[in-house]
Amino acid sequence: MLTSMITKISVETLYIQASTGTVETPILKDMIPLIQRNPGITAKALARQLEERRSDLSGAIRLLTGKGIDELLMIWRMMRALELLRTTTDDFEVIAQKCGYTQGKHLANAMKRELRLTPFEYRNGYRRGVQRPVKTRI
(Lines give C-alpha, C1' and ligand atoms only; values in the text may rest on other atoms or scores of the structure.)
Protein backbone atom coordinates (compact mmCIF):
# COMPACT_ATOMS: atom_id res chain seq x y z
CA MET A 1 0.00 0.00 0.00
CA LEU A 2 1.36 3.41 -1.01
CA THR A 3 0.47 5.19 2.25
CA SER A 4 2.50 2.70 4.28
CA MET A 5 5.55 3.67 2.23
CA ILE A 6 5.30 7.32 3.31
CA THR A 7 7.48 8.21 6.28
CA LYS A 8 5.49 10.38 8.66
CA ILE A 9 7.08 13.39 10.26
CA SER A 10 5.88 14.87 13.53
CA VAL A 11 4.91 18.53 13.62
CA GLU A 12 7.59 19.05 16.28
CA THR A 13 10.27 17.58 13.99
CA LEU A 14 8.94 19.65 11.10
CA TYR A 15 9.14 22.80 13.25
CA ILE A 16 12.77 22.03 14.13
CA GLN A 17 13.64 21.26 10.51
CA ALA A 18 12.02 24.52 9.43
CA SER A 19 14.18 26.51 11.83
CA THR A 20 17.32 24.85 10.47
CA GLY A 21 16.25 24.96 6.82
CA THR A 22 16.36 21.18 6.35
CA VAL A 23 12.78 20.48 5.21
CA GLU A 24 13.00 18.11 2.25
CA THR A 25 9.40 17.18 1.29
CA PRO A 26 8.27 19.46 -1.58
CA ILE A 27 4.77 20.38 -0.35
CA LEU A 28 6.09 21.03 3.16
CA LYS A 29 9.10 22.92 1.81
CA ASP A 30 6.73 25.24 -0.08
CA MET A 31 4.31 25.59 2.85
CA ILE A 32 6.76 26.41 5.66
CA PRO A 33 7.90 29.85 4.42
CA LEU A 34 4.27 30.90 4.02
CA ILE A 35 3.51 29.97 7.64
CA GLN A 36 6.69 31.62 8.91
CA ARG A 37 5.93 34.89 7.10
CA ASN A 38 2.28 34.90 8.16
CA PRO A 39 1.74 32.83 11.33
CA GLY A 40 -1.96 33.74 11.37
CA ILE A 41 -2.56 32.27 7.92
CA THR A 42 -5.68 30.15 7.57
CA ALA A 43 -5.79 26.76 5.92
CA LYS A 44 -7.88 28.23 3.10
CA ALA A 45 -5.39 31.05 2.46
CA LEU A 46 -2.48 28.61 2.66
CA ALA A 47 -4.09 26.34 0.06
CA ARG A 48 -4.78 29.33 -2.18
CA GLN A 49 -1.15 30.49 -1.94
CA LEU A 50 0.04 26.99 -2.83
CA GLU A 51 -2.52 26.78 -5.64
CA GLU A 52 -4.03 23.62 -4.16
CA ARG A 53 -7.55 22.73 -3.11
CA ARG A 54 -7.88 22.94 0.67
CA SER A 55 -9.06 19.32 0.87
CA ASP A 56 -6.11 18.10 -1.21
CA LEU A 57 -3.64 20.07 0.91
CA SER A 58 -5.20 18.79 4.12
CA GLY A 59 -5.08 15.22 2.84
CA ALA A 60 -1.42 15.54 1.86
CA ILE A 61 -0.54 17.05 5.24
CA ARG A 62 -2.45 14.28 7.04
CA LEU A 63 -0.52 11.63 5.09
CA LEU A 64 2.80 13.30 5.91
CA THR A 65 2.22 14.31 9.55
CA GLY A 66 -0.83 12.42 10.77
CA LYS A 67 -2.50 15.79 11.46
CA GLY A 68 -4.99 17.82 9.48
CA ILE A 69 -3.97 21.24 8.24
CA ASP A 70 -5.94 23.12 10.91
CA GLU A 71 -4.38 21.04 13.68
CA LEU A 72 -0.92 21.47 12.18
CA LEU A 73 -1.38 25.27 12.15
CA MET A 74 -2.60 25.26 15.77
CA ILE A 75 0.35 23.15 16.92
CA TRP A 76 2.76 25.31 14.93
CA ARG A 77 1.43 28.49 16.57
CA MET A 78 1.57 26.91 20.01
CA MET A 79 5.17 25.74 19.55
CA ARG A 80 6.18 29.23 18.41
CA ALA A 81 4.44 30.77 21.43
CA LEU A 82 6.19 28.38 23.83
CA GLU A 83 9.53 29.16 22.19
CA LEU A 84 8.93 32.92 22.62
CA LEU A 85 7.79 32.46 26.22
CA ARG A 86 11.04 30.63 26.94
CA THR A 87 13.41 32.91 25.03
CA THR A 88 12.03 36.44 25.32
CA THR A 89 10.66 38.82 27.90
CA ASP A 90 8.03 40.05 25.45
CA ASP A 91 4.59 40.84 26.82
CA PHE A 92 2.10 38.03 26.33
CA GLU A 93 -0.07 40.09 23.95
CA VAL A 94 2.98 40.71 21.73
CA ILE A 95 3.81 37.01 21.72
CA ALA A 96 0.24 36.13 20.81
CA GLN A 97 0.33 38.50 17.83
CA LYS A 98 3.72 37.17 16.69
CA CYS A 99 2.20 33.69 16.66
CA GLY A 100 -0.85 34.59 14.62
CA TYR A 101 -3.43 35.01 17.38
CA THR A 102 -5.60 38.10 17.19
CA GLN A 103 -5.77 38.43 20.97
CA GLY A 104 -3.73 37.17 23.89
CA LYS A 105 -6.79 35.52 25.39
CA HIS A 106 -7.06 33.22 22.37
CA LEU A 107 -3.53 31.95 22.95
CA ALA A 108 -4.14 31.71 26.70
CA ASN A 109 -7.27 29.62 26.08
CA ALA A 110 -5.39 27.36 23.66
CA MET A 111 -2.58 26.87 26.19
CA LYS A 112 -5.03 26.06 28.97
CA ARG A 113 -6.82 23.58 26.71
CA GLU A 114 -3.71 21.90 25.28
CA LEU A 115 -1.16 22.18 28.11
CA ARG A 116 -3.33 22.80 31.15
CA LEU A 117 -1.07 25.76 31.94
CA THR A 118 -1.44 29.50 31.66
CA PRO A 119 1.27 31.42 29.81
CA PHE A 120 2.41 32.85 33.15
CA GLU A 121 2.69 29.37 34.69
CA TYR A 122 4.60 28.07 31.66
CA ARG A 123 7.08 30.96 31.56
CA ASN A 124 7.70 30.99 35.32
CA GLY A 125 8.01 27.20 35.51
CA TYR A 126 10.50 27.16 32.67
CA ARG A 127 12.60 29.92 34.21
CA ARG A 128 12.67 28.19 37.58
CA GLY A 129 13.54 24.86 35.96
CA VAL A 130 10.36 23.26 37.27
CA GLN A 131 9.30 20.35 35.15
CA ARG A 132 5.64 19.72 35.73
CA PRO A 133 3.83 16.91 33.91
CA VAL A 134 1.19 18.31 31.62
CA LYS A 135 -1.50 16.68 29.58
CA THR A 136 -1.01 17.73 26.01
CA ARG A 137 -1.87 16.81 22.46
CA ILE A 138 1.24 18.47 21.07
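This is a predicted model: local features need pLDDT of at least 70, side-chain atom pairs count only at pLDDT 80 or more; totals for chains, interfaces and linings use all residues.
Helix 4 and helix 5 pack against each other at an angle of about 65°, and their axes are 8 Å apart. Axes here are lines fitted to C-alpha atoms, for helices over the stretch in contact, with angles running from 0 to 180 degrees between N-to-C directions; helices themselves are DSSP runs (H or I, at least four residues), numbered from the N terminus. On the helix 4 side, the contact (heavy atoms within 4.5 Å) involves Arg-54, Leu-57, Ser-58, Ile-61 and Thr-65, while helix 5 brings in Ile-69, Asp-70 and Leu-72. Sorted by type, the residues of this contact come out as 4 nonpolar, 2 polar and 2 charged. For that sorting, Ala, Val, Leu, Ile, Met, Phe, Trp, Tyr, Cys and Pro count as nonpolar, Asp, Glu, Lys and Arg as charged, and the others, Gly among them, as polar.

Residues are numbered from 1 along each chain as its sequence is written, and side-chain values use heavy atoms, with hydrogens and water left out.

The term covers a side-chain nitrogen of Lys or Arg within 4 Å of a carboxyl oxygen of Asp or Glu. Arg-54 lies in helix 4 (residues 54-65) and Asp-70 in helix 5, so this bridge ties together parts that are 16 residues apart in sequence. Both ends are partly exposed, Arg-54 at 35% relative accessibility and Asp-70 at 46%; the label sits between buried (under 20%) and exposed (over 50%), using a 1.4 Å probe and protein chains only.

In total, the count comes to 6 salt bridges. Among them is Asp-90 with Lys-98, at 2.6 Å from N to O. Here Asp-90 is partly exposed at 22%, and Lys-98 is partly exposed at 40%.

As for aromatics, the tally is 1 pair. Tyr-15 and Trp-76 sit edge-to-face, 4.9 Å centre to centre with 70° between the planes. Rings of Phe, Tyr and Trp (its six-membered ring) pair if their centres lie within 6.5 Å, and planes under 30 degrees apart count as stacked, over 60 as edge-to-face and the rest as tilted. This pair links distant parts of the chain, Tyr-15 being in helix 1 (residues 11-20) and Trp-76 in helix 5 (residues 69-87), 61 residues apart. Tyr-15 is buried at 12% relative accessible area, and Trp-76 is buried at 6%.

Key: Helices (H or I, at least four residues) and strands (E, at least two) are DSSP runs, numbered from the N terminus.
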